[in-house]
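Look at the sequence and the model below. The report that follows goes from the surface of the chain to its strands and its aromatic rings.

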Amino acid sequence: INLKGNKLNDKRLLKLVDQCRTKQVLDYVRQHCPRCSTDTNVSANAKGKKGKKGKKDQIEQHIQDTVEQLRHKLHVIHVTDDVPLVSLDETVKVVRPHIVCCIISNVSFSTDTFKKFIQLQTKLHDSVCEKRIAATIATHDLASFVPGNLIYTAYPPNEVKIIPLGRCKQVTGLELFSNLQKEAENLRKEKKRNVYSGIHKYLHLLEGKPVYPCLMNGDRVISLPPITNSDCTKISEKTKNIFVEVTSASGQGVCRQVLNVLLQETLLLGIGTAEPVSDGAILQSSFHRLSVQQVKVVDTEGNLKVVYPSRTDLVFEDKSITVVRE
């Protein structure tokens with residue numbers, strides 16, 4: 001038995017544990033820890049094998065409940081009729097054909113965790129997304145959406161219109177690309193660098209494309225992957241429900257992999273709303289809770305292309321995480 005590392009109030013017991021005196025530890029526990037109380041009114045039948053088995057089952061259930069509280073919990077909510085569908089248009093298949101989405105529900109940001117969530121996306125873009133070559137992550141405040149389903153489609157650069165993130169003026173995709181190219185060149189000369197930085201280093205991913213992929217909510221473009229989101233749907237510290245999209249030119253599996261990592265890391269950030277335990281109190285611990293709602297992607301005829309997260313998603317090697325599915 002290795003009991004080291006446990007926070008023990010009993011100094012004598014702590015000393016025995018630190019000295020690795022297993023026999024003395026067991027003797028000390030036997031002498032000083034109270035036994036479980038027993039019901040003196042238990043009937044004769046309860047004292048038999050059946051009673052012992054029932055008591056054993058209760059103990060095992062209690063242990064299981066305790067273990068569940070000592071794990072991070074990712075709760076998957078099954079898709080419902082009020083969740084917007086994403087319709088995959090044929091025109092986008094020539095440029096960036098894959099999209100997978102989900103909704104992170106009931107989040108609660110602090111200034112610090114919001115900053116870390118933004119940094120997390122940047123980190124994943126450079127790592128698992130392979131500098132946005134393999135995939136691109138976009139996050140939106142679900143409360144800013146107009147009612148109705150979404151369409152993932154593509155338009156010629158001069159027909160796409162978007163209010164880019166951090167800006168207030170609507171521009172076409174062609175204007176945005178041209179403006180960012182000029183900004184990139186000016187910054188490169190000003191800082192005397194040979195490479196681009198920030199959003200400018202991703203411009204080559206759209207260069208020369210006949211059409212630009214875009215995600216539309218109603219009649220407005222809310223995302224122009226792999227470059228930018230719309231300022232109209234940007235998330236903030238007040239955001240409660242986050243619509244997440246991951247797009248890729250490589251494959252649907254890449255999108256799933258990126259979302260798996262994003263949700264795992266987001267769970268560990270601790271932005272999920274605390275949940276009540278059996279006695280009604282709010283569970284406050286270093287173990288976090290997060291809810292994610294499924295989103296369907298369908299083709300133009302309504303045939304299902306993908307639903308995420310499915311039962312084959314969110315399978316983690318980290319045993320401190322429990323995935324609960326409805």
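## Surface and overall make-up

The protein chain exposes about 19200 Å², and carbon and sulfur atoms supply 51% of that area. Accessible areas come from the Shrake-Rupley method with a 1.4 Å probe; for residues, only the protein chains shown count as cover. The model is predicted: local features need pLDDT of at least 70, side-chain atom pairs count only at pLDDT 80 or more, and totals for chains, interfaces and linings use all residues. Residues are numbered from 1 along each chain as its sequence is written, and side-chain values use heavy atoms, with hydrogens and water left out.

Of the 326 residues of the protein chain, 40% count as buried (under 20% relative accessible area, with exposed meaning over 50% and partly exposed in between; 1.4 Å probe, protein chains only).

## Strand E12 and its partners

Strand E12 (residues 289–299) is largely enclosed by the rest of the structure, because 10 of its 11 residues are buried. Two strands pair if DSSP finds at least two bridges between them. Strand E1 (residues 72–77) pairs with E12 in the parallel sense over five bridges, and strand E2 (residues 86–88) runs parallel to E12 with three bridges.

Strand E3 (residues 98–105) is joined to E12 by four bridges and runs antiparallel; here isoleucine 104 stands opposite valine 292. Strand E13 (residues 304–308) is also antiparallel to E12, with four bridges, and valine 306 in E13 is the bridge partner of valine 297. In the hairpin of E12 and E13, four residues lie between the strands, and glycine 302 takes a positive phi near 90°.

## Arginine 256

Arginine 256 is in helix H6 (residues 252–269). Which residues does arginine 256 touch, not counting residues up to four places away in sequence? They are Val306, Val307, Tyr308, Ser310 and Asp313, where a contact means heavy atoms within 4.5 Å. Arginine 256 counts as buried because its relative accessibility is 17%.

## Aromatic pairs

The whole structure holds three aromatic pairs. The ring centres of phenylalanine 109 and phenylalanine 117 are 5.7 Å apart and the planes are at 50°, so this pair is tilted. Rings of Phe, Tyr and Trp (its six-membered ring) pair if their centres lie within 6.5 Å; planes under 30 degrees apart count as stacked, over 60 as edge-to-face and the rest as tilted. Ring pairs link Phe109, Phe114 and Phe117 into a cluster.

Definitions and conventions. Helices (H or I, at least four residues) and strands (E, at least two) are DSSP runs, numbered from the N terminus.
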